Amino acid sequence: MVKPKSFLMAIVAAFYPLDITAFWTTIPLPVRSNKYLAASRRQYFSVLLSAPLSEEEESFQPTTETSGRSSSPFSIADIAAPSALPPISHLHGVIFDMDGTILKPSIDFAFMRTAVHSIARREVEDGTYPSSSPRTKRVLAGDVLELCKYLSVKGQAEAKKVFAEVERKSIDSMEPADGAVALLNYIDSFPDVKRAILTRNVHSTVEIMERLLGERGCGRGFDIIVARDTVPGLASKPAPDPILYICGKDGWDVDPRHVVMVGDCAEDDVVAGNLAGVGATVLIDTGEDNCSGGGIPPENVRQEEYDQMRYPTVTVSELKSLVGMWSEAEQMMARENASRKI
């Protein structure tokens, strides 16, 4: 007897026989972000490829990882699933954040927030910035990179000195995240899958990172680098603009649904990825302070939408987990393809 859910999935799958990623991204974000994600996706693969569900898959419950503070809106224990990511062979590219993702956390966000917010507070208190402005809350407590543009020429210069100092110190302690080199080389084993760096840091720091990765055994550099000073006028995360730029005509020229965004900040990386409509977002929950301020949505994004966009597809505690997850997804697809041919 065919189960109603399996029958429905079979009908839907008939319209998406060759494009798993396209189907998966049509599912509403809260649905594909909840704790039943893993079981649902396994069922989708099985129905799609006309293979019966195993007892293990029928009773599958998401596994869990433990970690420190989660920067996503729910516990890391709510999400886990090797099959939650699209198989990497079905992707056009993977976009990585740099600090706290490819690199171990080394940015002193607490100092940066305190210093820049104090500059903003001074300008509001002395009347340089009008306290009656609807942007005052954003200026006093918002994202430090965004609020910088609202400061006076003097205030902007002071804020940029803070950024430069913090970023210079981070270079002195720069170290690849555990498993970063292995993951990048694993992705390179799929020749059609590209890699990009998307960071709110500066381009020169990315170049230093690439040299360090090469020294540690990374086979090549990134296909595209987008830092905050790479493309004049291009908005930074959490705006979707830089991801759409990477996927657009001046970049890979691909549908964002065939791209995965990986980063350590729900407020920047995950929101940017979800607003851009990528196929999946991965949150690396390092447990470190990675907040550049506020948790206030971009001006053109409603708070309700922003809160929803902070939900990643997958949360892991370490970057190196992704090799195992993608390997298992590929093995699952291979088994399903083999059973389909029998």
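**Figure 1. Contacts across the sequence in the predicted model of the protein chain.** Among contacts between residues at least 6 apart in sequence, 76% join residues at least 24 apart. The chain contains 15 helices and six strands.

**Figure 2. Burial and accessible surface of the protein chain.** The protein chain has 342 residues, of which 52% count as buried. Its accessible surface comes to about 15400 Å². Carbon and sulfur atoms account for 54% of that surface.

**Figure 3. Packing of helix H10 with helix H15.** Two packed helices are described by the angle between their axes and the distance between the axes. Helix H10 spans residues 180-188, and helix H15 spans residues 321-341. The two pack at an angle of about 30 degrees, with their axes 9 Å apart. Because this angle is under 35 degrees, H10 counts as roughly parallel to H15.

**Figure 4. Residues at the contact of H10 with H15.** From H10, the residues taking part are Ala-182, Leu-183 and Tyr-186. They meet Leu-322, Val-323, Trp-326, Ser-327 and Glu-330 in H15. By class, this contact has six nonpolar residues, one polar residue and one charged residue.

**Figure 5. Cysteines Cys-218 and Cys-247.** Cys-218 has a relative accessibility of 9%, and Cys-247 has a relative accessible area of 3%. Both values lie under 20%, so Cys-218 and Cys-247 count as buried. A disulfide is a covalent bond between the sulfur atoms of two cysteines. The count of disulfides in the model comes to zero.

Notes: Residues numbered from 1 in each chain as written. Predicted model: local features only at pLDDT ≥ 70, side-chain atom pairs only at ≥ 80, totals over all residues. Heavy atoms only, no water. Helix = DSSP H or I, 4+ residues; strand = E, 2+ residues; numbered from the N terminus. Buried < 20%, exposed > 50% of the residue type's maximum accessible area, 1.4 Å probe, protein only. Contact = heavy atoms within 4.5 Å. Areas by Shrake-Rupley, 256 points an atom, 1.4 Å probe, with all protein chains shown as cover. Disulfide = S-S within 2.5 Å. Axes fitted to C-alpha atoms, helices over the stretch in contact; angles between N-to-C directions. Parallel < 35°, antiparallel > 145°, perpendicular 65-115°, else oblique. Nonpolar A, V, L, I, M, F, W, Y, C, P; charged D, E, K, R; others polar.
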